[in-house]
Amino acid sequence: MMNWRTITDPAIYRQQRFDEISLLEGVRQFAYLDTARPSRPSIGIGFNLKDSGVRTQVFEVMQINAQDPRLSPAQQASEQGYINQLVVALSLTYLNDAALQLALNNIMIQRSIDPILANQAHITGRSSFDLQPTDIQTAYNNIILTFCSPNRRSS
Amino acid sequence: MKTMKRGSGVLLGLLWVLIADVATAGNYTLVVGKGIEVCQAYLRNLHSFPMHPPVVCERPLNPKLSAFSRPKWKPLEFWPNRHLLRQALRQRPSNLQYSDEEYEKLEPYDKWESNIRERMKERNMTLATAELDVDQDGKKDIVLRFDTGWPCDPMDEGNFAIPGGIELYVLTPDGRGIDGKSTYATLPVRAGRPDVVGYKGKWYVTTWAGDMNFTEAQLDIITVESVPRQRCQFKYTGQAQRRHP
C-alpha cells in the first residue's frame, strides 16, 4: 500500500516544485534555443523569452528596467532603448545557442559601457545576458505567481 | 483661403489623433478563468471602456460594477520614509547573498541617497500605504505602494511591452520596514505595473505584459494570498498601429 504524504507548508511545496522542474528542464544560466519547432529562446529552467509575461519577469530579476527609480530621465530613455533592442533580438531566428547568446551579450555589453549609464553599478556590472541561481529561483517564483497558466500560448 | 486650408489641416490632424486612439483601443478576451466570477466580472469591466486606450498604465473600474473596489491608499511622506526603498532594494533576493558590509560597497548608502534626492527634483515619486490581508490569515497587513513618477504612456511601444513604475511591498507589522519574505511570496513586486483591485472583499493584483508591435498583450489578475491562488488571464488584441512620440 502506498502512503501519500501531504505537504502542508506552502514554502516547502514551492521549493519542491522548483526542484522538480529544475530536474526535468535542466538549469541553464545562459540563453538557449529550446527543443520546440520552431525553437524559442529560453533561459533558466525553460523560461520562454518569446512570451511577453515571462520575459518581463526575467528582465525584472536581471534589473533591466527602464522605470527603475534610480535612473535619471536620460538614463531611463537609454535603458528603454536597450530593452527594445533585446526584445527585437529575442524575436529573431538563430542557428544555435551560441549565436543567440552572442546577440544578447552584444547588447548587454553596449549597455554596460554606455557613458550615460556609467554611474549605475547594477548596469555596469552586468555585461552578459545570464541568470544566476538566485535570479532563476526569483524569476520562477514571479512567473508562477503572475503569469504561468496551464493553457497559455507563446506570444 | 489660407486660413481655411490651415483649419482643414488642423481638423485632419485631430481626426487622425482620434482614429489612432480608437484603433488602439483593441479587444479583450478571457483566456484563463472562464466561469470564475471575478474573471467574468473584470471582462465586463474591460468591455465597458471601448474607447479607453489599452490598460497598460491605468486600469479603470466602472462605477456601475459596484462589486469592484480600490484599497484606501493613505499617502506616506516620501523623504522621511525613503529608508523603506533602500530596504526594498536590499531585500531583493539576489542581494541577500551579500553581507551588509558587502552590500554597502556595492550600493553605498550616501550615493544611493543623493541619487534619490536628484530624482525627486525630476519627478513626483510618491509612497502610500493600505491595509490589506495579503496572506489571508485574518489579520490586515500593511502594503506599501511606490509610484516612481514614471510618465507611463500606453501609446509608447516600450511602455506597452514592459510597463513599470509602480512597486508593491508588504511592510513589517510595525510599518517600519519591508517584510521581504511576505512581499516576494504574495505580490508581483514591480514588473507589469501592478495594480491592486478589490472584488467582493478579496484583493487581487493586475499586471500587464505586451509585445513590441502593439498587437498582443496579456492582462493577468491574481488573488494576493498565496494558497489557493485564483487567476484570470485576458488576451488583448490591438491594431498594428503606433503613434511615434
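The model is predicted, so local features need pLDDT of at least 70 and side-chain atom pairs count only at pLDDT 80 or more, while totals for chains, interfaces and linings use all residues. Residues are numbered from 1 along each chain as its sequence is written, chains are lettered from A in the order in which they are written, and side-chain values use heavy atoms, with hydrogens and water left out.

Let's start where the chains touch. Counting contact as heavy atoms within 4.5 Å, 42 residues of chain A meet 48 residues of chain B. The size of an interface is often given as the accessible area lost when the parts come together. Here the buried area (the accessible area, taken with a 1.4 Å probe, that two parts lose on being put together, summed over both) is about 3600 Å², and carbon and sulfur atoms give 52% of that. There are also 11 residue pairs in polar contact across the interface, both residues at pLDDT 80 or more. A polar contact here is a pair of N or O atoms within 3.5 Å; within protein, one must be able to donate a hydrogen and the other to accept it, and residues adjacent in sequence count only if both atoms are side-chain atoms.

Which elements of chain A give two or more residues to the side that touches chain B? They are α1 (10–25), α2 (52–61), α3 (73–91) and α6 (133–147), and α2(A) gives the most, with 8 residues. Helices (H or I, at least four residues) and strands (E, at least two) are DSSP runs, numbered from the N terminus.

Now for the charged pairs. Side chains of opposite charge can pair when their charged atoms come close. One salt bridge pairs Arg55(A) with Asp211(B), 3.4 Å from N to O. Another joins Arg92(B) to Glu60(A), with the closest N and O atoms 3.4 Å apart. This pair crosses from the loop between α3 (82–90) and α4 (100–106) of chain B to helix α2 of chain A. Both Arg92(B) and Glu60(A) are buried, where buried means under 20% relative accessible area, exposed over 50%, and partly exposed in between (1.4 Å probe, protein chains only).

Chain B has salt bridges of its own. Arg70(B) and Asp195(B) meet at 2.8 Å, N to O, and they sit 125 residues apart, with Asp195(B) in strand β7 (residues 195–199). Arg70(B) is partly exposed at 36% relative accessible area, whereas Asp195(B) is buried at 16%.

Finally, look for the disulfides, pairs of cysteine sulfur atoms within 2.5 Å. How many are there over all chains? The count is 2. Cys57(B) is joined to Cys152(B), S to S 2.0 Å. Cys57(B) lies in the loop between α2 and β2, and Cys152(B) in the loop between β5 (141–147) and α6 (157–161), so this pair ties together parts of chain B that are 95 residues apart in sequence. Counting bonded cysteines along chain B, the pattern is 1-4, 2-3.

Methods: Salt bridge = Lys/Arg side-chain N within 4 Å of Asp/Glu carboxyl O.
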